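Here are my notes for you, point by point. Keep the model open while you read.

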Amino acid sequence: MAVRHRLVKASPWTVWAVLSDGDRYTEWVVGTSASREKRGRWPEVGAALSYEVRLGPLRLTNETVVRRSEEPSVLELEAKAGTVGTARIAFELRPWGEQCLVIVDEHPLRGIGGLLHNAAAEVVIQLRHRAVLARLARICETEEQITEAGNAVSARAVRGTAPGIP
């Protein structure tokens, strides 16, 4: 079971907002080139996204299904990869002061991926998680900065100290 964590300099609500936006899936999931809602309302249980993975001229279309969703702390997904099988990918968001500790836990569930799962596969998953968490952190930290900047401007406007306000 590959488990990895990262402290993200954003609130759990900001991280949840990114994870729960199906349109942003390809921004933080390594290996996907396109995604779209397939059924349901992401991230409700049973909702699914269809995603595409490109390997040179080859295009593979698979889906990810929400299996558990507890706003704003838990999102568990089942990623389907055709004949390779499926994997459980769980995100846990823990408040850490004003920041968020994101824990990702992945393991194969069904298919050949589970049968061939070994230490080498764990290393590949760990590397993928490092990249996923880095992307997610960058997106969330940028969102947090934008929100904070907007709140600062709004606060100044209320106090009458914003530029252009007499």
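**Notes on rings and strands**

1. Let's start with Trp-28, which counts as buried because its relative accessibility is 2% (buried means under 20% relative accessible area, exposed over 50%, partly exposed in between, with a 1.4 Å probe and protein chains only). Tyr-25 is buried as well, at a relative accessible area of 4%.

2. A word on what you're looking at: this is a predicted model, where local features need pLDDT of at least 70, side-chain atom pairs count only at pLDDT 80 or more, and totals for chains, interfaces and linings use all residues. Residues are numbered from 1 along each chain as its sequence is written, and side-chain values use heavy atoms, with hydrogens and water left out.

3. Now the rings. Rings of Phe, Tyr and Trp (its six-membered ring) pair if their centres lie within 6.5 Å; planes under 30 degrees apart are stacked, over 60 edge-to-face, and the rest tilted. That rule gives 4 aromatic pairs. In one of them, the centres of Tyr-25 and Trp-28 are 5.5 Å apart with the planes at 70°, so this pair is edge-to-face.

4. Why are Tyr-25 and Trp-28 separated by about one helical turn? Because they sit 3 residues apart in helix α2 (residues 25–28). Helices (H or I, at least four residues) and strands (E, at least two) are DSSP runs, numbered from the N terminus.

5. Tyr-25 also pairs with Tyr-51, and this pair is tilted: 6.1 Å centre to centre, with 45° between the planes. Here distant parts of the chain are linked, since Tyr-25 is in helix α2 and Tyr-51 is in strand β3 (residues 48–55), 26 residues apart. Tyr-51 counts as buried because its relative accessibility is 9%.

6. Step back and you can trace a cluster: ring pairs link Tyr-25, Trp-28, Trp-42, Tyr-51 and Phe-91. Follow Phe-91 onward and you'll find Val-104, its bridge partner in β7.

7. On to the strands, which pair if DSSP finds at least two bridges between them. Strands β6 (residues 86–96) and β5 (residues 74–80) run antiparallel, joined by 7 bridges. Lys-80 has Thr-86 in β6 as its bridge partner. The two strands β5 and β6 form a hairpin with 5 residues between them, and Gly-82 in the turn has a positive phi of about 55°.

8. How many bridges join β6 to strand β7 (residues 99–110)? There are 11, and these strands run antiparallel. Their hairpin has 2 residues between β6 and β7, with Gly-97 in the turn at a positive phi of about 65°.
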